[in-house]
Amino acid sequence: MRVGLVGFAGSGKSTLFELLTGAKPDPGKVHGGQVGIATLSDPRLEFLAGLHKPKKVTPATVELLDTPGLMPGTHGDNPQRLALIREGDALLIVLGAFAGSDPASDLAAFRDEILFADLGVVTNRAERLEASVKKPRPDREQQLKELDIVKRVLAALDAGQTIASLGLTEEEKKPMRSFGLLTDKPEVVVANVTQDQAIPESLLAMAPNALAIDAKLELELAQLDADERASFMADLGITDLGRDRIIRRAYDAVGIITFFTAGEPEVRGWNLERGGSAVDAAGKIHTDLAKGFIRAEVTAYDDLVRVGTMKEAKAQNLQRLEGKDYVVKDGDIVFFRSGL
Ligand SMILES: Nc1nc2c(ncn2[C@@H]2O[C@H](COP(=O)(O)OP(=O)(O)O)[C@@H](O)[C@H]2O)c(=O)[nH]1
Ligand SMILES: [Mg+2]
């Protein structure tokens, strides 16, 4: 799972990148996109670690890509700059909401830029297909079908609508998947505010789920030791931090859930696409585990917390044996039985 930090230059992307990943932004790397790893802090992992006392605790992670950001004004080379994030699963749009910036108009301008960039890509594809279907060829039927969809997408983009808003099926989107269309990606909107500032109403009108963070202040807090941090937070009246909320929201936007494996060597959180099966989950750990899949022993996290121990969960028949097609739920603790 990869999430691109995007927005205009100077909005606070690199500050947020450092806060979320702990990696120093490297000006030499940002041009090609700097990758960092953010961990999902999860109280469930701590509970499981308390039970199993493992040698190692490994949280689920997400890859973040810091980008140079767009230049304000008319398009310019923004479509090329945006090409960096075509492979991402979601856009984390960072809007400056400090020092007189206007995050609502920046969001409008940003959305305009991604529409424009997609329009370029899709127009190209439409032109190629138009030329191609004039000739007799074995996949002409297929191409006609694709052209039909591409034309619908073009009409939507022309009218200022995103591809996501069209509600196309996965099957319909398939031929366009390799283009990494930006207006088809889920968005997480973050207003980079100064301290106690609220998100402007004008921004909430456009992005009701926008999150606020003071990236610079939180980065400064993150660099303090725990005691100092607690006392600064008390002085400033800060009760919770934006960092975890943003990572959690990125997971939800992409549609990723967490399942756990728990034992003495390691307690670990894993990412799985929502709706994924037990055998999909096994494949996240190792291809052999999926190939040799026999059964999954599954305990729901809430059941475990209620009864207190794995042993008790087993005694109360809360440890279920599930087959390949079982749809894994967020929080499931899974032990895979494999024949390989
Ligand atoms: N006042 C204020 N300045 C910030 C904040 N966040 C970032 N900055 C400053 O804005 C400038 C640009 O930040 P940076 O993270 O490099 O932006 P980027 O171009 O989007 O990567 C830097 O000088 C930051 O110190 C903030 O929350 N408040
Ligand atoms: Mg930067």
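Start by selecting asparagine 317, which sits in the loop that joins helix H15 (310-315) to strand E11 (320-322). Helices (H or I, at least four residues) and strands (E, at least two) are DSSP runs, numbered from the N terminus. The model is a predicted one, in which local features need pLDDT of at least 70 and side-chain atom pairs count only at pLDDT 80 or more, while totals for chains, interfaces and linings use all residues. Residues are numbered from 1 along each chain as its sequence is written, and chains are lettered from A and ligands numbered from 1 in the order in which they are written.

**Two positive phi values**

Asparagine 317 has a positive phi, near 60°, although it is a residue other than glycine. Most residues other than glycine have a negative phi. Asparagine 317 counts as exposed because it has 7 C-beta neighbours inside 10 Å. Here buried stands for 20 or more other C-beta atoms within 10 Å of the residue's own, exposed for 12 or fewer, and partly exposed for anything in between, with C-beta atoms placed from the backbone.

Next, select lysine 53, in the loop between helix H3 (43-52) and strand E3 (56-58). Its phi is also positive, near 45°. With 8 other C-beta atoms within 10 Å, lysine 53 is exposed.

**Proline 200**

Go on to proline 200, in the loop between strand E6 (187-193) and helix H8 (201-206). Proline 200 has 17 other C-beta atoms within 10 Å and is therefore partly exposed. Now show its contacts (C-beta atoms, placed from the backbone, within 7 Å). Apart from neighbours within four places in sequence, these are Ala97, Pro103 and Ala104. Draw a distance from proline 200 to alanine 104: the C-alpha atoms are 7.9 Å apart, for residues 96 apart in sequence.

**Helix H11**

Select residues 242-254, helix H11. The expected span is 1.5 Å times one less than the number of residues. Colour Gly242, Ile246, Ile247, Ala250, Tyr251 and Val254, which are buried. An α-helix has 3.6 residues a turn, so residues three or four places apart point the same way. Glycine 255 follows H11 and has a positive phi, near 85°.

**Ligand 1 and its two helices**

Select ligand 1 and the 15 residues around it, of which Gly12, Lys13, Ser14, Thr15 and Lys216 are the closest. A residue is near the ligand if its C-beta atom, placed from the backbone, lies within 6 Å of it. Helix H1 (13-21) and helix H9 (215-222) each give two or more residues to this shell, and H1 has the largest share, three residues. The shell has four nonpolar, eight polar and three charged residues. Nonpolar means Ala, Val, Leu, Ile, Met, Phe, Trp, Tyr, Cys and Pro; charged means Asp, Glu, Lys and Arg; the others, Gly among them, are polar.

Keep H1 and H9 in view: their axes come within 9 Å and cross at roughly 35°. The contact joins Thr15, Leu16, Glu18 and Leu19 of H1 to Ala215, Lys216, Glu218, Leu219 and Ala222 of H9. By class, five of these residues are nonpolar, one is polar and three are charged. Axes are lines fitted to C-alpha atoms, for helices over the stretch in contact, and angles run from 0 to 180 degrees between N-to-C directions.

**Whole chain**

Zoom out to 15 helices and twelve strands.

Notes: Contact = placed C-beta atoms within 7 Å.
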